[in-house]
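Here are my notes on this one, point by point. Have a look at the model first, then read on.

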Amino acid sequence: MFMKKQDFRTKVIHGEATHYKDPYNSLVPPIYQTATFTFDTAEQVERRFAGDEEGPIYSRLGNPTVQMLEQKMAVLEEGEAALAFGSGMGAVSAVVLSLVNAGDHILCSKGVYGCTFGFLNMLHEKFNVSHTFSNLTNELEIESQLSNYTTCIYIETPINPTMQLIDLALVVKVAKKHKIKVVVDNTFSSPYLQQPLLFGCDIVLHSATKYLCGHGDVIGGIVVSDESYIEELSKTVRKDIGAIMSPFDAWLLLRGLKTLAVRMDRHCENAEEIVNKLSEHPKIESIVYPFSSSDQQLAKKQMKQGGGLITFSLKNGSKKTAQKLMNELNLIKIAVSLGDAETLIQHPATMTHAVVGEEERERMGITENMIRLSIGLEAWEDIWNDLEHALQKV
Ligand SMILES: *Cc1c(COP(=O)(O)O)cnc(C)c1O
């Protein structure tokens with residue numbers, strides 16, 4: 001049957017498992033809460049292990065509920081296949097481990113998630129896998145930072161928490177020339193706002209804990225790429241290190257994903273209103289938000305809208321004033337994490353990026369005065385009232 005290509009807003013609801021057929025035609029997928037699967041004959045198990053017959057064996061190798069989520073995420077990121085992990089860091093570490101040998105080198109965007117930074121340091125100390133942080137802003141600069149041992153370029157865009165953007169097409173152009181893989185942590189945008197594989201990136205990963213889930217009740221990770229890479233990752237790092245996602249968490253994510261487009265639209269609308277209000281406020285020194293900063297043109301090129309995260313700093317601000325502002329809030333909750341229905345606020349220097357250390361934070365552009373807001377789904381007027389009230393007190 002000929003079907004016109006579906007819009008993303010339809011795919012988040014319908015774009016899922018085609019191979020799995022529920023015997024009762026249940027609208028919502030069942031939760032296969034089982035560790036193992038049984039077989040009619042010993043020969044059947046042999047065929048499954050050999051890959052001659054499709055079907056589950058043991059839930060660390062694959063679980064039908066988790067596979068439904070994987071198929072949906074492959075559709076949403078425009079990839080061939082996907083793999084779910086027990087956390088975003090499970091996904092980050094699996095991908096990085098799959099791409100390096102001892103002695104290799106990774107080129108990174110200047111600024112990565114705090115624990116990703118921790119993992120890169122661990123690789124350096126234990127296996128001499130080095131990394132360089134780069135602005136990744138022009139071809140010659142990128143080329144000068146590559147060595148014969150560079151096996152991948154690892155990017156966040158927008159970068160957490162500085163909200164700077166990396167030009168995906170530019171990085172892909174250099175990487176292709178040197179046959180290096182490009183990995184993008186797409187957590188901040190979700191595939192609704194940005195689809196890195198369409199720009200030629202090789203691997204996209206997510207902390208599914210954030211926008212993909214949207215309700216703050218799951219810790220999970222996702223990797224999307226081409227079929228051969230995903231199969232390899234599934235049969236090696238994920239199987240043997242074992243950072244798998246539980247069937248129930250996959251089910252919650254399938255449920256959350258249905259409203260991804262609706263939620264993202266509201267996150268973005270709310271964020272734009274708050275950015276406007278903040279930029280008129282006399283106590284605000286600076287605001288970084290993709291569609292209202294110097295990166296505007298790049299934002300338009302690779303993002304649909306600016307997302308729900310805003311980073312700002314106070315005039316003559318310090319760690320003390322940032323903390324005072326946060327303490328004065330009522331509706332907005334102090335918490336790490338992002339992408340939830342609730343508006344959350346955090347102080348990167350003492351929270352998400354405390355592990356990074358002062359010197360490296362400075363190099364990443366994370367100041368003591370910087371505050372990050374994850375705008376939720378409340379009425380933006382209520383979010384602003386809370387913020388404005390707190391701003392009066394600092
Ligand atoms: C939260 C986050 C991670 C880590 O994900 P977990 O699910 O907490 O393990 C990685 N990258 C980014 C950008 C994140 O925000």
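1. Some ground rules for the helix geometry: helices (H or I, at least four residues) and strands (E, at least two) are DSSP runs, numbered from the N terminus. Axes are lines fitted to C-alpha atoms, for helices over the stretch in contact, with angles running from 0 to 180 degrees between N-to-C directions.

2. The model is predicted, so local features need pLDDT of at least 70 and side-chain atom pairs count only at pLDDT 80 or more, while totals for chains, interfaces and linings use all residues. Numbering runs from 1 along each chain as its sequence is written, and side-chain values use heavy atoms, with hydrogens and water left out.

3. Helix pair one: H4 (residues 88-99) and H9 (residues 227-241) have axes that come within 10 Å and cross at roughly 110°. That makes H4 roughly perpendicular to H9 (the band for this is 65 to 115 degrees; under 35 is roughly parallel, over 145 roughly antiparallel, and the rest oblique). Their crossing is right-handed, meaning the near helix is turned clockwise from the far one by less than a right angle.

4. Helix pair two: the axes of H11 (residues 260-280) and H15 (residues 380-393) also come within 10 Å, crossing at roughly 30°. These two are therefore roughly parallel to each other. H11 passes H15 in a right-handed crossing as well.

5. Now the ligand. It is surrounded by 13 residues, and the closest are Gly88, Asp185, Ser207, Thr209 and Lys210; a residue is in this shell if one of its heavy atoms lies within 4 Å of the ligand. The shell splits into 5 nonpolar, 6 polar and 2 charged residues.

6. Which atoms are in polar contact with the ligand (N or O pairs within 3.5 Å)? A polar side-chain atom of Asp185 sits 2.7 Å from a ligand nitrogen. A ligand oxygen is 2.8 Å from a polar backbone atom of Met89, and a ligand oxygen is 2.6 Å from a side-chain N or O of Thr209. On its own the ligand exposes 380 Å², of which the protein buries 93% (Shrake-Rupley, 1.4 Å probe).

7. Backbone points to check. Thr157 and Pro158 are joined by a cis peptide bond, omega about -5°, and the bond from Asn160 to Pro161 is cis too, with omega near 0°. Pro158 lies in the loop between strand E4 (150-156) and helix H7 (168-177), and Pro161 is in the loop between E4 and H7.

Conventions:
Polar contact = N/O pair within 3.5 Å; in protein donor to acceptor, adjacent residues only side chain to side chain. Nonpolar A, V, L, I, M, F, W, Y, C, P; charged D, E, K, R; others polar.
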